[in-house]
Amino acid sequence: MKTRRSQSAIVAVIAVLVVLLVAAPLSANGLKAARPEEVGLSSERLARIGKRMQAYVDSGEIPGALALIARHGKIAYAEQWGFADREKQVRMNPDTLFRIYSMTKPITSVGVMILHEEGRFQLTDPIAQYLPELAELEVRGEQANPATGEVVVTTHAARNPATIRDLLRHTAGFTYGFFGNTEVDQMYRQQGILWDDKDIAETVRKLGQVPLRYEPGTRWHYSVAVDVQGRLIEVVSGQPLDQFLKERIFEPLGMKDTFFAVPDGKWDRLATLYSPEGTGEGSDLFLTSPGGGAKKPLVPADSERANRGYRGGVSHFSGGGGLVSSAMDYLRFAQMMLDGGELDGRRILSRKSVELMTTDHLGDIPGLWSPGYGFGLGFAVLTDLGATGALGSVGEYNWGGAAGTRFWVDPKESLIGIYMIQILPHTGLGYGTEFRSFTYQAIAD
């Protein structure tokens, strides 16, 4: 019969072994693992994350998910639940690859800032100075008559030149085409902007023929602006976007699993994309929200368009949403930002550029949909904690992807959170928000 002391010793040995097993692959990625208590987090409270996520998997609500927390430069929590491919019973793993969609945007914006630091342009320069296809943009406005409901459409030449800073903060006046149904959005869909383009040069050429949704500099509006950033990088650097990002960001940071096209040898690590049953295909996936009412069963999204552009022969490098990455790779990018532009002795940006990117640039400019947040150069930035109604810190910055991936960096708490899932559309699904709340409630120092 074991004594209480011997039982405690066994538990302690098991705990040490678990830490060592986890630390080996994480340390190999360049960031060391630590027990949560070593970095001011509570193991007991962090356990609430796993209980909730496992319950979602067990109920069939989600196929699988992965979560990662780093604090003070050390990985304190890295867990995964369920399946990367539920039908084939492929488990979610630390090295699973994910379509990160709009989490591509902050990376592209860092690329723009690299060129800015080299003196290639000023942020206040008009974008047409480098992309002349966008020199004669018009603005098409729509306003409903409150008395009759009739929509009045007006078109005029843009009064303000859209600048590079406008691209970075989503105030250039562009739209996306699949988040609204204005005449301009319809034009985007008719032209197949982003979806049918062979490359981002073609995207920019098309944009020069379509009106803007808003006057530049007057409203925040989520848009193809970051794809235009990608083309700016190509024109100014003289390199294709994929090559530039690889040489200037991915290779220096040791991001070996981040790319526009998944290599054949890594294809089996790419998680399956799931959608609520009956959801549309292609761009329609972005127009359908699963929020509200009973949740529909999730099924693999087999649409060729929804899974386009990730395997072989990729020529359209979408700076706004084209990358595949792993949680560990994205952690290295986020840690570089948290560390003021440098990681493992490799400097990507100046500390002052990071400060500029993570400062609110909107002021009184309307449009951002998140209460308590402003927007910097590539990131949403928390400016009013009380207005968010959530745990966090002023100065935290973040973004997410269309399939439910998300990350945030909190300089005040020296904290990074990354959540990976593959459900498109994910609007109305709060798994990543729950993970964030569980993370903050675990701070115990």
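Reader: Where does Leu 194 lie?

Author: Leu 194 lies in the loop between α5 and α6. Helices (H or I, at least four residues) and strands (E, at least two) are DSSP runs, numbered from the N terminus. This is a predicted model, in which local features need pLDDT of at least 70 and side-chain atom pairs count only at pLDDT 80 or more, while totals for chains, interfaces and linings use all residues. Residues are numbered from 1 along each chain as its sequence is written, and side-chain values use heavy atoms, with hydrogens and water left out.

Reader: What is the phi of Leu 194, and is Leu 194 buried or exposed?

Author: Most residues other than glycine have a negative phi, and most peptide bonds are trans. Phi of Leu 194 is positive, near 80°. Leu 194 counts as buried because its relative accessibility is 7%; buried means under 20% relative accessible area, exposed over 50%, and partly exposed in between (1.4 Å probe, protein chains only). His 72, which is not a glycine, also has a positive phi, of about 50°. His 72 lies in the loop between β1 and β2 (74-85), and its 45% relative accessibility makes it partly exposed.

Reader: Which peptide bond is cis?

Author: The bond from Leu 424 to Pro 425 is cis, with omega near 0°. Pro 425 is in the loop between β16 and α13.

Reader: How is the packing of α3 and α8 to be read?

Author: Two packed helices are described by the angle between their axes and the distance between the axes. Helices α3 and α8 (residues 241-253) pack at about 90°, with axes 10 Å apart; axes are lines fitted to C-alpha atoms, for helices over the stretch in contact, and angles run from 0 to 180 degrees between N-to-C directions. The two helices are therefore roughly perpendicular, a term for angles of 65 to 115 degrees, whereas under 35 is roughly parallel, over 145 roughly antiparallel and the rest oblique. On the α3 side the contact (heavy atoms within 4.5 Å) is made by Ile 107, Val 110, Gly 111, Ile 114 and Leu 115, and on the α8 side by Phe 244, Leu 245, Arg 248, Ile 249 and Phe 250.

Reader: Where is Gly 111 placed, and which residues does Gly 111 touch?

Author: Gly 111 is in helix α3 and is buried, with 0% relative accessibility. Not counting residues up to four places away in sequence, Gly 111 touches Ile 233, Phe 244 and Ile 249.

Reader: What can be said of Ser 102?

Author: Ser 102 is in the loop between β4 (97-99) and α3 (104-117). With a relative accessible area of 10%, Ser 102 is buried. Its side chain and that of Lys 105 are joined by a polar contact of 2.8 Å. A polar contact is a pair of N or O atoms within 3.5 Å; within protein, one must be able to donate a hydrogen and the other to accept it, and residues adjacent in sequence count only if both atoms are side-chain atoms. Beyond its neighbours within four places in sequence, the contacts of Ser 102 include Tyr 222, Trp 399 and Ala 402.

Reader: How many residues of α13 are buried?

Author: Eight of the eleven residues of α13 (residues 431-441) are buried, so this helix is largely enclosed by the rest of the structure. Among them are Tyr 431, Phe 435 and Arg 436. The elements against which these buried residues pack include α2 (43-58) and β1 (64-71).
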